[in-house]
Amino acid sequence: QLFQPYDQEVILAELREAQTVNAIKTILRRNSWNLLVVDAALSALIERFGISRGCAAVDFVDFVIERFWVGSAADPDAQVLVAPWLRQCLPKASHSARTSLMSAVTRLLAATLGSQRQG
């Protein structure tokens, strides 16, 4: 069955009604392929719960790094989308996740600079 715009509205409504940090994180994990939901969920975490609670779980910050920056599914649109949230939450990430993120950023910068020199 294909994803319908109605389905996305249902997910966004579920997100608006979510009352806890864990509920929002669960919605994001279940729908991490949908960047509109990801954006709304990350924004909701900070807006509703502040940085201390919205970034509190190391495993979740690590998940965002792995899924959107380091993993095989990472893409530039997702990287740009989650970067502001990560900027606020990066101190909560594990050392290994921060190291992986810095390696990914370094590769991205090297690729960008390399393409500029060739062009």
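**A walk through the interior**

Modeller: Happy to! Let us begin with Phe-68, which is buried, its relative accessible area being 0%. Please keep in mind that this is a predicted model. Phe-68 sits in helix H4. Setting aside neighbours within four places in sequence, its contacts are Leu-28, Ser-32, Leu-35, Val-38, Ala-74, Asp-75, Ala-78, Gln-79 and Val-82. For a sense of distance, take Ile-24, which lies 44 residues from Phe-68 along the chain: the C-alpha atoms of the two are 17 Å apart.

Some of those contacts lead us to the next stop, the pairing of H3 with H5. Leu-35 and Val-38 are among the H3 residues that meet H5, and Ala-78 and Val-82 are among the H5 residues that meet H3. The axes of these two helices come within 10 Å and cross at roughly 5°. An angle under 35 degrees counts as roughly parallel, and H3 and H5 are therefore roughly parallel to each other. On the H3 side, the residues taking part also include Asp-39, Leu-42, Leu-45, Ile-46, Ile-51 and Gly-54, while H5 brings, among others, Asp-77, Leu-81, Trp-85, Gln-88 and Cys-89. Sorted by class, this contact has 11 nonpolar, 2 polar and 2 charged residues.

Now follow Trp-85. Apart from neighbours within four places in sequence, Trp-85 is in contact with Leu-42, Leu-45, Ile-46, Gly-54, Phe-60, Val-61 and Val-64. Trp-85 also belongs to the largest nonpolar core, a group of 34 residues in which Leu-42, Val-64, Trp-85 and Leu-86 touch the most other members. Helices H1 (5–17), H2 (21–30), H3 (35–54), H4 (58–70), H5 (76–89) and H6 (95–118) each give at least two residues to this core. H3 makes the largest contribution, with 8 residues.

Our last stop is Cys-89, one of the H5 residues that meet H3. Cys-89 forms a disulfide with Cys-55, and their sulfur atoms are 1.7 Å apart. In general, a disulfide is a covalent bond between the sulfur atoms of two cysteines. The structure holds 1 such link. Cys-55 lies in the loop between H3 and H4 and Cys-89 in helix H5, so the pair, 34 residues apart, links distant parts of the chain. The angle about the S-S bond is -50°, and the link is left-handed. Like Phe-68, where we started, both Cys-55 and Cys-89 are buried.

Methods
Residues numbered from 1 in each chain as written. Predicted model: local features only at pLDDT ≥ 70, side-chain atom pairs only at ≥ 80, totals over all residues. Heavy atoms only, no water. Core = buried A, V, L, I, M, F, W, Y, C linked by side-chain atoms within 4.5 Å. Buried < 20%, exposed > 50% of the residue type's maximum accessible area, 1.4 Å probe, protein only. Helix = DSSP H or I, 4+ residues; strand = E, 2+ residues; numbered from the N terminus. Contact = heavy atoms within 4.5 Å. Disulfide = S-S within 2.5 Å. Axes fitted to C-alpha atoms, helices over the stretch in contact; angles between N-to-C directions. Parallel < 35°, antiparallel > 145°, perpendicular 65-115°, else oblique. Nonpolar A, V, L, I, M, F, W, Y, C, P; charged D, E, K, R; others polar.
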